[in-house]
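Biologist: Please take a close look at one part of this model, the aromatic cluster and the helix packing around it. A connected account of the geometry would be welcome.

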Amino acid sequence: MTQDLRRELGLLRGLALSLGVVVGSGIFVLPAYVAGHLAHPAAFVAVWPLGGLLALCSAVSYAELATVFPRTGGYVIYLRRIFGPRMAFVYGWAALLVLYPSSIAGLVRVTGRSAAGLLGLPAATGVTAPAGRPSRPAR
């Protein structure tokens, strides 16, 4: 029994998806990082909407590409049509091996730190190595 999936994503669901990904992953980490690198609180208040505008432009550009090339495949389809099959191939493998795993690792890091704070556990500051000298490969 095969069902055809409807190829539609309405405005409300698209906005909810975009906001959920962007806000859910970065809202706990980025404001403190940005504020710590700016000299004055007013600069933070000015930069925050600028970042929101940049994210909005990105989302609108992606939506425009989706309307111009209405096929399944996302960025690979867009890159194939714009830059050719070689660029789409390279991006597809880079996304599989680097981009998506690193994005997931970042989300896991934020989730782990948030869960540690919520449960009252100490947050890890980095990867710890075992005591002693690191082993060296045989020559």
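**The aromatic cluster and its helices**

Modeller: In this predicted model, ring pairs join Tyr62, Phe69, Tyr75, Tyr78 and Tyr91 into a cluster. The structure as a whole holds seven aromatic pairs. One of them is formed by Tyr62 and Tyr75, with 4.9 Å centre to centre and 45° between the planes, a tilted arrangement. This pair links distant parts of the chain, since Tyr62 lies in helix H3 (residues 41–68) and Tyr75 in helix H4, 13 residues apart. Tyr62 is partly exposed, at a relative accessible area of 34%; Tyr75 also counts as partly exposed, because its relative accessibility is 40% and the class lies between 20% and 50%.

Tyr75 forms a further pair with Tyr91, and this one is edge-to-face: the centres are 5.8 Å apart and the planes stand at 70°. Here too distant parts of the chain are linked, Tyr75 in helix H4 with Tyr91 in helix H5, 16 residues apart.

H4 (residues 75–83) and H5 (residues 85–119) meet at an angle of about 155°, with their axes 7 Å apart. H4 is therefore roughly antiparallel to H5, as angles over 145 degrees are classed that way. The crossing of H4 past H5 is right-handed. On the H4 side, Tyr75, Val76, Leu79, Arg80 and Phe83 make the contact, and on the H5 side Pro85, Met87, Ala88, Tyr91 and Gly92. By class, this contact comprises eight nonpolar residues, one polar and one charged.

Terms used. Residues are numbered from 1 along each chain as its sequence is written. This is a predicted model: local features need pLDDT of at least 70, side-chain atom pairs count only at pLDDT 80 or more; totals for chains, interfaces and linings use all residues. Side-chain values use heavy atoms; hydrogens and water are left out. Axes are lines fitted to C-alpha atoms, for helices over the stretch in contact, and angles run from 0 to 180 degrees between N-to-C directions. Helices (H or I, at least four residues) and strands (E, at least two) are DSSP runs, numbered from the N terminus. Angles under 35 degrees count as roughly parallel, over 145 as roughly antiparallel, 65 to 115 as roughly perpendicular and the rest as oblique. A crossing is left-handed if the near helix is turned anticlockwise from the far one by less than a right angle, and right-handed if clockwise. Contact means heavy atoms within 4.5 Å. Ala, Val, Leu, Ile, Met, Phe, Trp, Tyr, Cys and Pro count as nonpolar, Asp, Glu, Lys and Arg as charged, and the others, Gly among them, as polar. Rings of Phe, Tyr and Trp (its six-membered ring) pair if their centres lie within 6.5 Å; planes under 30 degrees apart count as stacked, over 60 as edge-to-face and the rest as tilted. Buried means under 20% relative accessible area, exposed over 50%, partly exposed in between (1.4 Å probe, protein chains only).
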